[in-house]
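Reader: I want to learn how to read a fold and its cavities. Please walk me through one case.

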Amino acid sequence: MDRRQEILEAAAKSFTLFGYKATTMEQVAKIANVGKGTIYTFFANKEILFQEIAMSLVREMKGEADAVLDASASFMDNAHNALMKMLQFREKHLLFAKLIEEEKELRTPAVKQVLLRIETEILSYVAELIQRRINKGEIRECDAELVSYLLLKAYLAFVVDWHELHGDVIPEEKILNLFKETIFRGLILT
(Lines give C-alpha, C1' and ligand atoms only; values in the text may rest on other atoms or scores of the structure.)
Protein backbone atom coordinates (compact mmCIF):
# COMPACT_ATOMS: atom_id res chain seq x y z
CA MET A 1 0.00 0.00 0.00
CA ASP A 2 1.30 3.45 -0.79
CA ARG A 3 1.79 6.23 1.77
CA ARG A 4 -1.07 8.33 0.43
CA GLN A 5 -3.53 5.45 0.86
CA GLU A 6 -2.18 4.72 4.36
CA ILE A 7 -2.77 8.36 5.29
CA LEU A 8 -6.33 8.28 3.88
CA GLU A 9 -7.14 5.14 5.84
CA ALA A 10 -5.64 6.55 9.03
CA ALA A 11 -7.54 9.81 8.61
CA ALA A 12 -10.80 7.96 7.96
CA LYS A 13 -10.21 5.98 11.15
CA SER A 14 -9.49 9.15 13.15
CA PHE A 15 -12.50 11.02 11.74
CA THR A 16 -14.68 7.99 12.54
CA LEU A 17 -13.43 7.75 16.11
CA PHE A 18 -13.11 11.43 17.02
CA GLY A 19 -15.05 13.39 14.41
CA TYR A 20 -13.69 16.12 12.19
CA LYS A 21 -13.28 18.81 14.81
CA ALA A 22 -11.35 16.66 17.29
CA THR A 23 -9.09 15.01 14.72
CA THR A 24 -5.63 16.50 14.41
CA MET A 25 -2.98 15.93 11.78
CA GLU A 26 -0.76 14.62 14.61
CA GLN A 27 -3.33 11.88 15.35
CA VAL A 28 -3.53 10.97 11.68
CA ALA A 29 0.28 10.82 11.45
CA LYS A 30 0.45 8.59 14.52
CA ILE A 31 -2.24 6.20 13.24
CA ALA A 32 -0.61 6.10 9.77
CA ASN A 33 2.81 5.67 11.36
CA VAL A 34 4.27 8.51 9.30
CA GLY A 35 5.71 11.90 10.11
CA LYS A 36 3.31 14.83 10.10
CA GLY A 37 5.28 16.37 7.22
CA THR A 38 4.53 13.30 5.10
CA ILE A 39 0.83 14.07 5.34
CA TYR A 40 1.42 17.59 4.05
CA THR A 41 3.29 16.13 1.08
CA PHE A 42 -0.04 14.72 -0.11
CA PHE A 43 -2.63 17.02 1.49
CA ALA A 44 -2.29 20.77 2.05
CA ASN A 45 -4.48 20.72 5.17
CA LYS A 46 -6.99 18.74 7.22
CA GLU A 47 -9.96 20.08 5.25
CA ILE A 48 -8.59 18.83 1.91
CA LEU A 49 -7.82 15.45 3.47
CA PHE A 50 -11.35 15.35 4.87
CA GLN A 51 -12.91 16.22 1.52
CA GLU A 52 -10.93 13.47 -0.19
CA ILE A 53 -12.26 10.93 2.31
CA ALA A 54 -15.81 12.24 1.90
CA MET A 55 -15.62 11.83 -1.88
CA SER A 56 -14.37 8.27 -1.45
CA LEU A 57 -17.51 7.69 0.66
CA VAL A 58 -19.61 9.00 -2.23
CA ARG A 59 -17.85 6.70 -4.70
CA GLU A 60 -18.41 3.73 -2.40
CA MET A 61 -22.08 4.63 -1.90
CA LYS A 62 -22.65 5.04 -5.64
CA GLY A 63 -20.96 1.69 -6.23
CA GLU A 64 -23.34 0.00 -3.83
CA ALA A 65 -26.33 1.72 -5.45
CA ASP A 66 -25.12 0.76 -8.94
CA ALA A 67 -24.89 -2.87 -7.80
CA VAL A 68 -28.66 -3.02 -7.16
CA LEU A 69 -29.66 -1.43 -10.47
CA ASP A 70 -31.17 -3.79 -13.04
CA ALA A 71 -31.44 -2.62 -16.66
CA SER A 72 -34.55 -4.77 -17.14
CA ALA A 73 -36.30 -3.46 -14.00
CA SER A 74 -38.72 -0.54 -13.94
CA PHE A 75 -37.71 2.97 -12.99
CA MET A 76 -39.75 2.62 -9.80
CA ASP A 77 -37.94 -0.55 -8.70
CA ASN A 78 -34.50 0.81 -9.59
CA ALA A 79 -35.13 4.18 -7.93
CA HIS A 80 -36.46 2.50 -4.80
CA ASN A 81 -33.59 0.00 -4.59
CA ALA A 82 -30.90 2.64 -5.21
CA LEU A 83 -32.36 5.10 -2.67
CA MET A 84 -32.77 2.39 -0.03
CA LYS A 85 -29.20 1.18 -0.60
CA MET A 86 -27.79 4.72 -0.27
CA LEU A 87 -29.78 5.39 2.90
CA GLN A 88 -28.73 2.05 4.39
CA PHE A 89 -25.13 2.93 3.57
CA ARG A 90 -25.61 6.32 5.22
CA GLU A 91 -26.91 4.73 8.42
CA LYS A 92 -24.48 1.80 8.64
CA HIS A 93 -21.22 3.43 7.60
CA LEU A 94 -19.58 4.55 10.86
CA LEU A 95 -17.82 7.60 9.43
CA PHE A 96 -21.01 8.83 7.78
CA ALA A 97 -22.91 8.33 11.05
CA LYS A 98 -20.20 10.22 12.99
CA LEU A 99 -20.35 13.14 10.55
CA ILE A 100 -24.12 13.39 10.82
CA GLU A 101 -23.86 13.30 14.62
CA GLU A 102 -21.14 15.97 14.67
CA GLU A 103 -23.09 18.26 12.35
CA LYS A 104 -26.20 17.96 14.55
CA GLU A 105 -24.37 18.49 17.83
CA LEU A 106 -21.50 20.84 17.01
CA ARG A 107 -22.56 22.40 13.70
CA THR A 108 -18.98 22.18 12.45
CA PRO A 109 -18.86 24.25 9.21
CA ALA A 110 -16.46 21.88 7.40
CA VAL A 111 -18.69 18.91 8.23
CA LYS A 112 -21.80 20.75 7.10
CA GLN A 113 -20.09 21.64 3.82
CA VAL A 114 -19.02 18.03 3.22
CA LEU A 115 -22.47 16.66 4.04
CA LEU A 116 -24.01 19.15 1.59
CA ARG A 117 -21.52 18.06 -1.07
CA ILE A 118 -22.39 14.41 -0.44
CA GLU A 119 -26.10 15.24 -0.71
CA THR A 120 -25.46 17.10 -3.96
CA GLU A 121 -23.67 14.04 -5.34
CA ILE A 122 -26.58 11.77 -4.32
CA LEU A 123 -29.10 14.15 -5.89
CA SER A 124 -27.07 14.26 -9.10
CA TYR A 125 -26.93 10.45 -9.17
CA VAL A 126 -30.72 10.13 -8.74
CA ALA A 127 -31.37 12.91 -11.28
CA GLU A 128 -29.27 10.99 -13.82
CA LEU A 129 -31.38 7.87 -13.20
CA ILE A 130 -34.52 9.92 -13.75
CA GLN A 131 -33.21 11.61 -16.89
CA ARG A 132 -32.18 8.27 -18.44
CA ARG A 133 -35.71 6.94 -17.92
CA ILE A 134 -37.24 10.15 -19.34
CA ASN A 135 -35.04 9.70 -22.41
CA LYS A 136 -36.19 6.07 -22.73
CA GLY A 137 -39.81 7.21 -22.60
CA GLU A 138 -40.55 5.26 -19.43
CA ILE A 139 -41.45 8.27 -17.30
CA ARG A 140 -43.00 11.59 -18.16
CA GLU A 141 -41.00 14.73 -18.79
CA CYS A 142 -40.21 16.45 -15.48
CA ASP A 143 -37.52 18.47 -13.73
CA ALA A 144 -35.17 15.60 -12.83
CA GLU A 145 -33.28 17.72 -10.30
CA LEU A 146 -36.42 18.67 -8.36
CA VAL A 147 -37.87 15.16 -8.50
CA SER A 148 -34.59 13.69 -7.25
CA TYR A 149 -34.72 16.13 -4.32
CA LEU A 150 -38.34 15.18 -3.59
CA LEU A 151 -37.54 11.46 -3.68
CA LEU A 152 -34.40 11.72 -1.53
CA LYS A 153 -36.01 13.90 1.13
CA ALA A 154 -39.19 11.81 1.21
CA TYR A 155 -37.22 8.57 1.50
CA LEU A 156 -35.07 10.13 4.25
CA ALA A 157 -38.24 11.14 6.10
CA PHE A 158 -39.70 7.63 6.03
CA VAL A 159 -36.52 5.60 6.44
CA VAL A 160 -34.60 7.72 8.97
CA ASP A 161 -36.74 10.47 10.50
CA TRP A 162 -39.83 8.33 11.09
CA HIS A 163 -37.82 5.90 13.22
CA GLU A 164 -36.17 8.72 15.20
CA LEU A 165 -39.50 10.42 15.89
CA HIS A 166 -41.82 7.44 16.34
CA GLY A 167 -39.47 4.71 17.53
CA ASP A 168 -40.64 2.15 15.01
CA VAL A 169 -39.41 1.23 11.56
CA ILE A 170 -41.71 1.31 8.55
CA PRO A 171 -41.24 -1.92 6.55
CA GLU A 172 -39.52 -1.38 3.23
CA GLU A 173 -42.44 -2.92 1.32
CA LYS A 174 -44.82 -0.42 2.89
CA ILE A 175 -42.55 2.47 1.88
CA LEU A 176 -42.37 1.15 -1.69
CA ASN A 177 -46.16 0.79 -1.87
CA LEU A 178 -46.66 4.32 -0.53
CA PHE A 179 -44.35 5.77 -3.18
CA LYS A 180 -45.84 3.51 -5.87
CA GLU A 181 -49.31 4.87 -5.15
CA THR A 182 -48.22 8.51 -4.93
CA ILE A 183 -45.01 9.92 -6.42
CA PHE A 184 -44.16 7.07 -8.82
CA ARG A 185 -47.73 6.94 -10.11
CA GLY A 186 -47.40 10.56 -11.20
CA LEU A 187 -44.15 9.88 -13.05
CA ILE A 188 -44.85 6.62 -14.85
CA LEU A 189 -46.23 6.84 -18.39
CA THR A 190 -49.07 4.41 -18.94
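Reader: How many helices and how many strands are there in the chain?

Author: Helices (H or I, at least four residues) and strands (E, at least two) are DSSP runs, numbered from the N terminus. Here the chain has 10 helices and 0 strands. The model is predicted: local features need pLDDT of at least 70, side-chain atom pairs count only at pLDDT 80 or more, and totals for chains, interfaces and linings use all residues. Residues are numbered from 1 along each chain as its sequence is written, and side-chain values use heavy atoms, with hydrogens and water left out.

Reader: What share of the residues is buried?

Author: Buried means under 20% relative accessible area (1.4 Å probe, protein chains only). In this chain of 190 residues, the share is 41%.

Reader: How many cavities of 30 Å³ or more are there?

Author: A cavity is a set of points on a 1 Å grid over the protein atoms alone, where a 1.4 Å probe fits but cannot get out. Points are joined across faces, edges and corners, and the volume is the space filled by probe spheres set on them. The count here is 1, and the volume of the largest cavity is about 30 Å³.

Reader: Which residues line the largest cavity?

Author: Lining residues have an atom within 4 Å of a point. Here they are V58, M61, K62, M86, I118, E121, I122 and Y125. Helix α7 (109-135) and helix α4 (46-68) each supply at least two. The largest share, 4 residues, comes from α7.

Definitions and conventions: On a 1 Å grid over the protein atoms alone, a cavity is a set of points where a 1.4 Å probe fits but cannot get out, and a pocket is an open set with protein on both sides within 12 Å along at least five of seven lines; lining residues have an atom within 4 Å of a point. Buried means under 20% relative accessible area, exposed over 50%, partly exposed in between (1.4 Å probe, protein chains only).
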